[in-house]
Amino acid sequence: MTIVERYNFLIDYFQQNNPNAASELHFSNAYELMLAVVLSAQCTDKRVNMVTPVLFTKYPTPYDLANASYNDVYEIIKSISYPNNKTKHLLGLAQKLVTDFNGTVPDSLEALTTLPGVGRKTANVILSVVFDLPAMAVDTHVFRVANRLGIVENATTPLEVEKQLVQHFPEHLLARAHHWLILHGRYVCLARAPKCSECGIASVCKTARL
């Protein structure tokens, strides 16, 4: 099977079985999504969704968060992984949004990645989910699933995986494909014990353990 045939199979499968794949983080605007994605690094979406309602209610805008105290924010997010660094990131990005972007989340990769705690992956999530731009965010799930399936070749870094996925997935499907791969990695293609016998795309997977 060629790589093009493999992509076509995956697209057909996911369009039939998960046509409305979307982020499992709870948010209502770009600012809230940014905070949630920063908090989600090496942490489950479920845990993040438990703390963000309080965070969003207390600091509904970047201006509110920019003036918050470290201790107050830390107390809200302390059950999240790496709360010290993430508190600093949240305060820093809010302050930069206010000083550099008039309190508005920017819509370019270059601008987004100037914000504390916002790397390429987080920026691409915001671009694709909020602004509906053709961006592919590569987290650990996407990286693992893409390599296991064989839809990337000799891709040893997230950026290499991103470039190949962007090249092969149709532009209008990139944002959806990001969620297809994440959710597949989260619930089926697990890191330590992939559920190959339950996987609907195992027949085209290069590493399926059947």
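User: Before we look at the model, how do I read the handedness of a helix crossing?

Analyst: A crossing is right-handed if the near helix is turned clockwise from the far one by less than a right angle, and left-handed if anticlockwise. Keep in mind that this is a predicted model. Here, helix 2 crosses helix 6 in the right-handed sense.

User: What angle and axis separation do helix 2 and helix 6 have?

Analyst: Their axes are 10 Å apart, and the packing angle is about 155°.

User: How should I think about the largest nonpolar core, and which of its residues touch the most other members?

Analyst: The general idea is that nonpolar side chains tend to be buried together in soluble globular proteins. In this model the largest nonpolar core has 39 residues, and Met34, Leu55, Leu65, Leu90, Leu93 and Leu112 touch the most other members. Several helices supply at least two residues each, including helix 3 (45-58), helix 5 (70-77) and helix 8 (120-129). Helix 2 gives the largest share, nine residues. Another core, of 31 residues, lies apart from this one, and Tyr7, Ala155, Leu165 and Ile201 are among its members.

User: Let's zoom in on Leu90. What is it in contact with, beyond neighbours within four places in sequence?

Analyst: Leu90 contacts Leu35, Val38, Leu39, Leu55, Leu65, Val73 and Ile77.

User: And Leu127, is that residue buried or exposed?

Analyst: Leu127 comes out at 6%, so it counts as buried. This residue sits in helix 8. Leaving out residues up to four places away in sequence, Leu127 touches Asp107, Ser108, Leu109, Leu112, Asp132, Leu133 and Ala135.

User: One more pair: how are helix 9 and helix 11 arranged, parallel or perpendicular?

Analyst: Angles from 65 to 115 degrees count as roughly perpendicular. Helix 9 (residues 140-149) packs on helix 11 (residues 174-187) at about 90°, with the axes 8 Å apart, so the two are roughly perpendicular. His141, Val142, Arg144, Val145 and Leu149 of helix 9 meet His178, Leu181, Ile182, His184, Gly185 and Arg186 of helix 11. By class, that contact has five nonpolar, four polar and two charged residues.

Methods. Residues numbered from 1 in each chain as written. Predicted model: local features only at pLDDT ≥ 70, side-chain atom pairs only at ≥ 80, totals over all residues. Heavy atoms only, no water. Core = buried A, V, L, I, M, F, W, Y, C linked by side-chain atoms within 4.5 Å. Buried < 20%, exposed > 50% of the residue type's maximum accessible area, 1.4 Å probe, protein only. Helix = DSSP H or I, 4+ residues; strand = E, 2+ residues; numbered from the N terminus. Contact = heavy atoms within 4.5 Å. Axes fitted to C-alpha atoms, helices over the stretch in contact; angles between N-to-C directions. Parallel < 35°, antiparallel > 145°, perpendicular 65-115°, else oblique. Nonpolar A, V, L, I, M, F, W, Y, C, P; charged D, E, K, R; others polar.
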